[in-house]
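Here's a quick briefing to read with the structure open beside you. Take a look at the chain first, then work through the points below.

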Amino acid sequence: MSESFNRRVHLVAHFPGVNSQTVWSDPRSGSQIDFDSFRHFAQTAERGLFDYVFLAEGLRLREQKGQLLELDVAGRPNTLSILAALAAVTERVGLVGTLSATFNEPVELARQLASIDALSGGRSGWNVVTSPDAFHGGNFRRGGFLPYEERYERAAEIVDTAKRIWAAPGEHVDVNGKHFSVSLDANQPASPQGHPVIVQAGDSPAGRDFAASHAEVIFTRHGADDAARAFYSDVHQRLAAAGRSPESLLILPGASFVLGDSEKDAAEKAAHIASQQVSGGTAISVLEQVWGRDLSDLDPDGPLPSFDPVESTIRNGQVRHYPNPQATADEWRAKAAEEGLSAREVVISTTQKPAFLGTASQVARQIAHSVNTRASDGFVLVPHLIPTGLDEFVDTVIPELQDLGVYPDSYGGTTLRDHLGLPQPAGFPGSQAVPA
Ligand SMILES: Cc1cc2nc3c(=O)[nH]c(=O)nc-3n(C[C@H](O)[C@H](O)[C@H](O)COP(=O)(O)O)c2cc1C
């Protein structure tokens with residue numbers, strides 16, 4: 001029996017930028033810096049009626065074994081500058097940037113985000129991250145500033161302070177908290193959407209509780225169906241415990257996709273893309289993150305290391321992908337033995353499996369099914385090409401989603417909050433005129 005779908009799908013476009021998922025060797029691959037790349041990407045997302053364009057943030061260049069990652073050195077323009085420029089060349093799509101709650105100050109952040117909101121007519125959002133480690137602090141003369149446990153406490157206070165400021169254009173604001181003591185006459189413009197939409201990315205129990213209290217969208221890694229449903233229901237329990245309604249928070253996992261003329265064609269393309277994404281050198285670099293030691297002598301086309309991983313910080317500046325290295329190593333060795341895979345093949349099959357694979361119609365159904373079964377409320381799509389990686393999706397999958405009745409035919413409103421179907425927050429001046 002064919003499944004009937006009754007939950008709306010939300011889509012977000014992640015500009016892939018600085019990461020190893022992007023296939024730089026593809027002749028269609030363009031610049032990660034030129035504004036034309038951002039413009040093409042954002043305008044394609046808008047043509048596809050995506051809720052927002054999303055930029056991650058790297059506060060400090062990442063390094064492995066003391067060497068800067070090549071991709072980081074290649075450059076990444078500042079998030080707020082890109083969003084401001086994109087506001088001028090788009091009309092509806094939301095504009096969300098990642099900004100650290102650990103290494104920024106509330107007054108400055110509130111003003112910057114309110115300005116993007118005003119310039120874009122109420123389309124801005126803030127992905128609140130705590131930044132994972134002491135390494136990032138080097139750029140701020142703070143080193144290991146703030147122990148991990150206190151980062152969500154500061155994040156809660158920075159969001160509360162920003163909201164106090166956003167609620168009071170033209171008024172005086174006093175905040176006396178543990179982390180901030182602020183006294184200002186707020187002169188940012190009033191937001192057309194109450195306040196910028198608050199997004200969160202962070203996975204620990206403290207991170208989930210922070211999201212349940214403060215976030216309106218969660219960007220998560222939990223996209224695969226069973227793990228995603230467990231995450232979805234865990235966060236919804238926390239949301240209810242925080243006294244908030246189920247509609248006040250959307251959960252959007254990151255997801256990659258590969259489209260083909262047939263399932264076989266898509267699978268062949270996916271295998272080719274994965275082999276471009278994971279060279280022998282990339283495979284070694286991933287294995288070093290798990291094994292915690294130098295593996296430059298390992299043959300990537302031979303077996304996985306026979307020795308066990310050690311705890312280390314071989315890689316700096318990146319969220320830890322493998323919190324339990326021994327369990328990952330055991331799992332990967334079992335997989336290699338069962339399927340007869342080399343070290344590189346294990347890395348390819350465990351890290352590069354696209355979330356969605358098939359024809360446009362199959363991919364549309366896979367997405368609709370995930371949302372229908374409450375694995376998520378939609379997805380943050382991460383294409384493997386810049387800047388054209390969304391083109392085919394928008395041309396072929398969006399019409400299929402519309403035919404399934406789970407995706408709109410036009411933007412229903414003008415603000416990001418409208419697109420996400422989020423309630424207008426109480427106590428904010430909305431679109432009222434600001435006193436001169
Ligand atoms: C999906 C995801 C995306 C993230 N993106 C960023 C980012 O772009 N920049 C950043 O500084 N931290 C980023 N983080 C790090 C988190 O803000 C947080 O510091 C880290 O995950 C540790 O918190 P946790 O233990 O609650 O997960 C991300 C985390 C997750 C799970």
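This is a predicted model: local features need pLDDT of at least 70, side-chain atom pairs count only at pLDDT 80 or more; totals for chains, interfaces and linings use all residues.

Residues are numbered from 1 along each chain as its sequence is written.

**Domains**

- The domain assignment of the chain gives domain 1 (10–261 + 356–420) and domain 2 (279–351); such bounds come from an automatic or database domain assignment.
- Taken over C-alpha atoms, the centres of domain 1 and domain 2 sit 29 Å apart.
- Where the two meet, 11 residues of domain 1 are in contact with 11 residues of domain 2; "in contact" says that the C-beta atoms of two residues, placed from the backbone, lie within 7 Å.
- On the domain 1 side of that meeting, you'll find 3 nonpolar, 4 polar and 4 charged residues.

**The largest nonpolar core**

- The largest nonpolar core has 107 residues, and Val53 and Leu381 touch the most other members. A nonpolar core here is a set of buried Ala, Val, Leu, Ile, Met, Phe, Trp, Tyr and Cys residues joined through C-beta atoms within 7 Å.
- A residue is buried if 20 or more other C-beta atoms lie within 10 Å of its own, exposed if 12 or fewer, and partly exposed in between, with C-beta atoms placed from the backbone.
- Helix 5 (residues 148–166) gives the most to this core, putting in 7 residues. Helices (H or I, at least four residues) and strands (E, at least two) are DSSP runs, numbered from the N terminus.
- Both domain 1 and domain 2 supply at least three residues each to this core.
- Setting aside residues up to four places away in sequence, Leu381 touches Leu11, Val12, Ala13, His14, Ala255, Phe257, Leu390 and Phe393.
- As background, nonpolar side chains tend to be buried together in soluble globular proteins.

**Helix 9 against helix 11**

- The axes of helix 9 (residues 280–291) and helix 11 (residues 343–351) come within 9 Å and cross at roughly 75 degrees. Axes are lines fitted to C-alpha atoms, for helices over the stretch in contact, and angles run from 0 to 180 degrees between N-to-C directions.
- Helix 9 brings Gly280, Ala283, Val286 and Leu287 to the contact, and helix 11 brings Ala343, Arg344, Val347 and Thr351.
- By type, the residues of this contact come out as 5 nonpolar, 2 polar and 1 charged.
- Ile348 is also found in helix 11, and it counts as buried because it has 20 C-beta neighbours inside 10 Å.
- Leaving out residues up to four places away in sequence, Ile348 touches Ala274, Ser275 and Val278.

- A cis peptide bond joins Ile386 and Pro387, with omega about 0 degrees. Pro387 is found in the loop between strand 15 (378–381) and helix 13 (391–403).
- Leu49 isn't a glycine, yet its phi is positive, near 60 degrees. Leu49 lies in the loop between helix 1 (35–47) and strand 2 (52–55) and is buried, with 20 other C-beta atoms within 10 Å.
- Arg374 also has a positive phi, about 55 degrees, without being a glycine. Its place is the loop between helix 12 (360–372) and strand 15, and Arg374 is partly exposed, with 14 other C-beta atoms within 10 Å.

**Two more residues**

- Val371 lies in helix 12 and is buried, with 20 other C-beta atoms within 10 Å.
- Ser312 lies in the loop between helix 9 and strand 13 (315–316) and counts as partly exposed, with 13 C-beta neighbours inside 10 Å.
- Ser312 touches Gly292 and Arg293, again not counting residues up to four places away in sequence.

Terms used: Ala, Val, Leu, Ile, Met, Phe, Trp, Tyr, Cys and Pro count as nonpolar, Asp, Glu, Lys and Arg as charged, and the others, Gly among them, as polar.
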